[in-house]
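User: Hi, could you walk me through a bit of this protein model? I'm new to this, so please keep it simple.

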Amino acid sequence: MPAPEGLAAELRAVVAKAQSEQRVPSVAGAVVRGGEVVWADAVGLTDAEQGEAATPDHQYRIGSITKTFTAVGVMQLRDAGKLDLDDRLDAHLDVPARGDLTLGRMLAHGSGLQREIPGNVWETLDFPQSPDELLASLEQAEAVLAPGERWHYSNLAFILLGEVVARLSGMPYEAYVEQRILQPLGLTRTSFSPQPPMALAYSVEPYSDVVRREPMLVERKGGIAAAGQMWSTVGDLCRWASFLADPDADVLAPESLELMTSVQTMADPYRWSLAWGVGLMLARKDDRIYCGHDGGMPGYVANVLVSREERLGAAVLVNGENVDPAELSLALIDKAHERFPPEAQPWEPQPGPPAELATALGRWWSEGTEFVFRWHDGRLETRAADAPAWQPWTRFEPLGDDRFRTAFGRERGELLRLARAADGAVTRMYWATYPLGRAPEVTGTAP
């Protein structure tokens, strides 16, 4: 269902205001809701010299949003048993230095590795010309922080992760992403080289309205593709956002995406508004959390964000450098949420619990806290009785013999064990070893 006409005009006004006030050649934006791109539009010029008007089908450079594709590639290889996130880099690449960095910390920008390839590459644009030259440069790369000490963004880390993907998959990094991610998801307007129509790269002089062409940096050089080479459209990025909210299990296991969206490092230690998961940016605004990523390359900025809970997100692409793309994406999401909020999932009757779990449901107490256990969507769940509505229910997976593993939520990973009376009724439970009874108890006074 497309956005209502009035909302479409308001969303266009958001990007038009940014394009005008921030003085950038063009801005494209799109909104995704429940897996459907419900609005896409663009304002300004993608070719300032020729006067070509921007459209939602124009490709823009997406910069570091590429890292989200790299991260999914690494997680696919993890799920295939070819690597572990605790693996050292030198377990997969023959590196002259920094081999002790772990893949998981590199994905979360917690490795401490310096930000860029050694040398003045963003002045000379003289990047390594081969993977071997890239790996040799690690002899000059610094560990600017101790591993795990703090969040520290590193393009170099993701360039190396791209080489890991290539080495373990047996194909060039770009071919892997195209065959294992882009093609299965139908992202036909996402690529490693620009496909027309495309937006040209510009910067605008600060004290006049003169635009200057920025270098396009089209060709792959020494593996930097994995950190920021890709091009896309706002429509394709919204489809990617939909995947990040609700992944296609044939491309990536939902459990792996769940891990990718769990906080690994805090990028904003002052207000906790920005964190990193496994390769994904996690932004907090008000009471909502969004996953996605920013992007920036000479003459371009980009962003894609989505609420996994509400499956509402947005993408923004700009061929200029004066706009905060994440701020603009959030403005689009807020407007859509206000005027076109996601519909609540309708409740439907479901089959009851297995007979052996009927007496496990209801209210239980542990250490003065009352919990409610229920059977929902084919599984056992619990939550504190006074929990706010936004707090998700803890979910359990059966192991057999009256044992369950906490699969999601509070005490994740811990065991839940049921104890029964002679007639088979559940009379006591033990969760992470803590006892739960049908009434409050003084610690150490089991019946």
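User: Which residues are exposed on the other side of helix 1?

Analyst: Quick note: this is a predicted model, where local features need pLDDT of at least 70, side-chain atom pairs count only at pLDDT 80 or more, and totals for chains, interfaces and linings use all residues. Residues are numbered from 1 along each chain as its sequence is written, and side-chain values use heavy atoms, with hydrogens and water left out. Exposed means over 50% relative accessible area, buried under 20%, and partly exposed in between (1.4 Å probe, protein chains only). Helices are DSSP runs of H or I, at least four residues, and strands are runs of E, at least two, numbered from the N terminus. On that side of helix 1, the exposed ones are Glu5 and Glu21.

User: And how are the buried residues of helix 1 arranged?

Analyst: The buried ones are Leu7, Leu11, Val14, Val15, Ala18 and Gln19. Looking down the axis of helix 1, they fall within an arc of 130° (taken from the directions from the helix axis to the C-beta atoms), so they line one face of the helix.

User: What covers those buried residues of helix 1?

Analyst: Covering goes by contact, meaning heavy atoms within 4.5 Å. The cover includes strand 1 (26-33), strand 2 (36-47) and helix 11 (325-339).

User: Which residue follows helix 1, with a positive phi?

Analyst: Its phi is near 55°. The residue that follows helix 1 is Arg23.
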